[in-house]
Amino acid sequence: MNFTAHPPTRLFQLVEQSNPSLFCIHTLNYKVALSFITPEFPSENNFDNFLKKSSNFAITKEPDIFHPTATKYTYAVPVQTSDSFLRLPSPLFNNECTDHNPVGFLVDQVFQCNRRIIMEMCKVDQTLSMDHYSQPKILARPNSGREIPIKVLFVFLKSLNKTVTRLSQIDDFLPPTFVTINGLEVCTNVVLKLKYRITYTEAGEITKADVRFLLGTVNSSMLPIQQQFQVQFLQENIKSFRLSGNPGYLPGLPLLAGFEKDSVIIQSINRYGQFTILHSTLQQDCLLLQELRQTVFFDYDVMSGCKLRLNETINCRLVAKRLKNLLMGRSFPQYVSSFGNSQSHNLHEWVPIHFSTLAPLKRREPCLVPVIFEIKVKWTKFGSLINPQAQITSVTAKMISSFFSQTELANGRTIEISTMVNFVDVSAPAKAGYKAKPTIDAKLPSNFFFPFV
């Protein structure tokens with residue numbers, strides 16, 4: 001800027017430099033760059049030749065991709081197979097399934113997504129076949145030659161009427177098949193759920209892998225189908241549970257819970273499945289919901305639910321039983337760990353869950369169903385002011401029911417069934433503490449003051 005001018009003006013200067021030595025070519029490995037080649041444009045006559053040339057670059061097989069020469073698996077490194085990576089389908093932003101998500105070592109994941117299929121083509125759709133997910137062979141170590149097969153441990157079959165049965169013997173994989181049953185076109189043996197369990201050693205080597213399947217029968221009214229995929233890593237010869245804090249709970253980590261037996265707490269191996277609530281889905285009908293659960297995380301308030309259509313044709317007693325099982329799950333825990341690292345054999349470190357029910361006084365209305373499942377977790381800050389630790393002090397679970405009259409049933413009414421989890425900080429105000437004054441504990445001989453006393 002030229003401030004001597006009135007008004008001040010901005011000065012511009014154009015400098016032209018040739019090869020300012022910002023960088024130089026050290027090695028030239030592309031000889032064609034030394035000469036100019038007239039580009040060839042595609043036409044009707046040479047299009048096939050262009051396609052063959054470009055396909056070599058566009059369709060690159062994954063085994064040709066360079067992998068680092070690692071000797072062991074480390075956290076989040078993709079698990080390699082004999083021809084690629086082990087993949088776990090995951091949802092896109094629109095909840096559609098994508099099959100390009102590699103499994104990261106030691107990264108436990110659970111995904112649920114929707115998949116659009118063509119009924120008549122289900123037999124050739126690999127994403128529906130259990131063979132597609134159990135066929136890969138995992139490399140024990142990255143870039144090694146030792147392969148670990150994936151063993152099919154369990155196969156469950158789900159029918160159109162929601163009944164689930166377990167195959168007693170697994171001789172061969174069951175391919176998806178398009179058939180007609182009583183005039184209804186269906187696809188059988190479609191993968192609805194799968195769970196990988198991968199066992200590893202402390203040295204970062206995979207020693208075993210197995211998979212569990214839930215195969216179902218679907219028809220056109222169930223499209224798009226909903227699939228669930230899970231992977232879990234287990235360390236070999238280790239039965240301890242991962243912590244949710246040390247010692248106090250950390251926000252965002254799951255609540256640890258279990259059942260008491262012989263003064264010892266029995267916990268599920270999956271810490272994300274120890275304390276769960278009903279998971280809301282796009283399919284909000286309570287009677288059609290599958291028993292899909294979501295984990296309760298420390299200090300994360302959450303609310304979920306579904307809708308129920310009441311009419312005079314329903315059996316209220318059966319509906320009430322179904323809703324209670326839906327809200328509480330198959331096995332609601334008895335105790336919650338007070339700290340994030342409580343040991344299962346120390347029963348005094350576990351807080352009992354106080355369960356109660358609340359319903360209006362007995363009335364003549366014929367229908368009584370649970371409508372709200374309320375869980376309240378009280379916690380406090382324990383320890384020093386510098387580094388306080390979160391400690392759970394009490395847990396209450398309340399099932400609130402409501403009556404519905406014959407008139408409401410006759411007219412038809414839609415009600416909301418909800419689960420609420422609320423974390424309450426009950427910490428007392430912090431107070432500064434001071435050490436007690438020292439006392440002198442001295443004993444004198446009996447004649448110390450002789451002859452004065």
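**Stop 1: the eight-stranded sheet**

Start with an open sheet of eight strands, in the order β12-β11-β16-β17-β19-β18-β20-β15 and with mixed pairing. Strands here are DSSP runs of E with at least two residues, helices are DSSP runs of H or I with at least four residues, and both are numbered from the N terminus. Two strands pair if DSSP finds at least two bridges between them. Select β12 (264-266) and β15 (302-310): they stand at the edges, each with a single partner strand, so one side of each has no neighbour in the sheet. From one strand to the next, the twist averages 30 degrees. Angles run from 0 to 180 degrees between N-to-C directions, and axes are lines fitted to C-alpha atoms, for helices over the stretch in contact.

Before going on, note what you are looking at. This is a predicted model, in which local features need pLDDT of at least 70 and side-chain atom pairs count only at pLDDT 80 or more, while totals for chains, interfaces and linings use all residues. Residues are numbered from 1 along each chain as its sequence is written, and side-chain values use heavy atoms, with hydrogens and water left out.

Now select β18 (residues 367-382) and β19 (residues 389-404). They run antiparallel, joined by 15 bridges. Find I372: it stands opposite I400 in β19.

**Stop 2: the helix on the sheet**

Which strands does α3 touch as it packs on the sheet? They are β15, β17 (350-358), β18, β19 and β20 (413-425). The direction of α3 makes about 20 degrees with that of β18. A contact means heavy atoms within 4.5 Å.

Select α3 itself, residues 316-328. The expected span of a helix is 1.5 Å times one less than its number of residues. For the 13 residues of α3 that gives 18 Å, and the end C-alpha atoms are 18 Å apart, so the two agree.

Colour the buried residues of α3: C316, V319, A320, L323, L326, L327 and M328. Buried means under 20% relative accessible area, exposed means over 50%, and partly exposed lies in between (1.4 Å probe, protein chains only). An α-helix has 3.6 residues a turn, so residues three or four places apart point the same way.

Next, look at both ends. N315 caps the N-terminal end of α3, with a side-chain oxygen 3.1 Å from the backbone nitrogen of R317. After α3 comes G329, with a positive phi near 85 degrees.

**Stop 3: a strand inside**

Select β3, residues 109-115. Five of its seven residues are buried, so β3 is largely enclosed by the rest of the structure. Click C113 and find its bridge partner in β10, Q227.

**Stop 4: N219**

Go to N219 in β9 (residues 206-219). Is N219 buried or exposed? N219 has a relative accessible area of 9%, so it is buried. Its side chain makes a polar contact with the side chain of S221, at 2.6 Å. A polar contact is a pair of N or O atoms within 3.5 Å; within protein, one must be able to donate a hydrogen and the other to accept it, and residues adjacent in sequence count only if both atoms are side-chain atoms. Leaving aside neighbours within four places in sequence, N219 is in contact with M119, L160, L184, E185 and V186.

**Stop 5**

Most residues other than glycine have a negative phi, and most peptide bonds are trans. Select P224, in the loop between β9 and β10. The bond from L223 to P224 is cis, with omega near -5 degrees. Then try P247, in the loop between β10 and β11 (257-261). The bond from N246 to P247 is cis too, with omega near 0 degrees.

N189 lies in β8 (residues 184-200). Its phi is positive, near 60 degrees. N189 counts as buried, at 18% relative accessibility.

**Last stop: confidence**

Colour by pLDDT, the predictor's confidence in each residue, from 0 to 100. The chain mean is 84, and 85% of residues reach 70 or more. Over residues 55-67, pLDDT stays under 50.
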